[in-house]
Amino acid sequence: MAKPSFNIREEDIEVTHVRGSGPGGQNRNKRMSGVRIRHLPTGITITATERRSQEQNRKAALERLECKIKELYRKPKPRVKTVCSVATREKRLTLKRKISQKKDSRRVSRADWES
């Protein structure tokens, strides 16, 4: 199943080419293959420098920008409060009492400890 596409207009983005840093040798240090994309309406900035080609980095940055914009405008589903039934509540409390009694039986009283 293909994921739905979100159109980002060319006039809404500012593309800057940057030099990568870190491991990768001479190609990474000398070439301007990294891409930084800034979405002007939202101010979101995305950088992609992990690929060797400027075009591949541009595609990767655009995909990330699309995801960030979708995430920004996503409306969270409202939380539906659930109510525990009386029988379930009683069962839980009975279990807690049982565990408490088991722990009490393990406890050594202070009188036994001092003698």
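Colleague: Before we look at this predicted model, how is the expected span of a helix worked out?

Colleague: How far does α2 reach from its first C-alpha to its last, and what span is expected?

Modeller: α2 has 20 residues. At 1.5 Å a residue, the expected span is 28 Å. The model comes close to that, as α2 reaches 29 Å.

Colleague: Which residue caps the N-terminal end of α2?

Modeller: Look for a side-chain oxygen that lies 3.2 Å from the backbone nitrogen of Glu55. The residue that supplies this oxygen is Ser53.

Colleague: Which element gives the most to the largest nonpolar core?

Modeller: That core has 10 residues, including Ile13, Val35, Ile44 and Leu65. With four residues, the element that gives the most is α2.

Colleague: What covers the buried residues of α2?

Modeller: The buried residues of α2 are Asn57, Ala60, Ala61, Leu65, Glu66 and Ile69. For one of them, Ala61, contacts beyond four places in sequence are Ile37, Ile46 and Ala48. What covers the buried residues of α2 includes β1, β2 and β3.

Colleague: Why does Cys84 count as partly exposed?

Modeller: Buried means under 20% relative accessible area, and exposed means over 50%. Cys67, at 46%, counts as partly exposed. Cys84 also counts as partly exposed, because its relative accessibility is 27%.

Colleague: How many disulfides does the structure hold?

Modeller: A disulfide needs a pair of cysteine sulfur atoms within 2.5 Å. The number of disulfides in this structure is zero.

Conventions. Residues numbered from 1 in each chain as written. Predicted model: local features only at pLDDT ≥ 70, side-chain atom pairs only at ≥ 80, totals over all residues. Heavy atoms only, no water. Buried < 20%, exposed > 50% of the residue type's maximum accessible area, 1.4 Å probe, protein only. Core = buried A, V, L, I, M, F, W, Y, C linked by side-chain atoms within 4.5 Å. Helix = DSSP H or I, 4+ residues; strand = E, 2+ residues; numbered from the N terminus. Contact = heavy atoms within 4.5 Å. Expected span 1.5 Å × (residues − 1). Polar contact = N/O pair within 3.5 Å; in protein donor to acceptor, adjacent residues only side chain to side chain.
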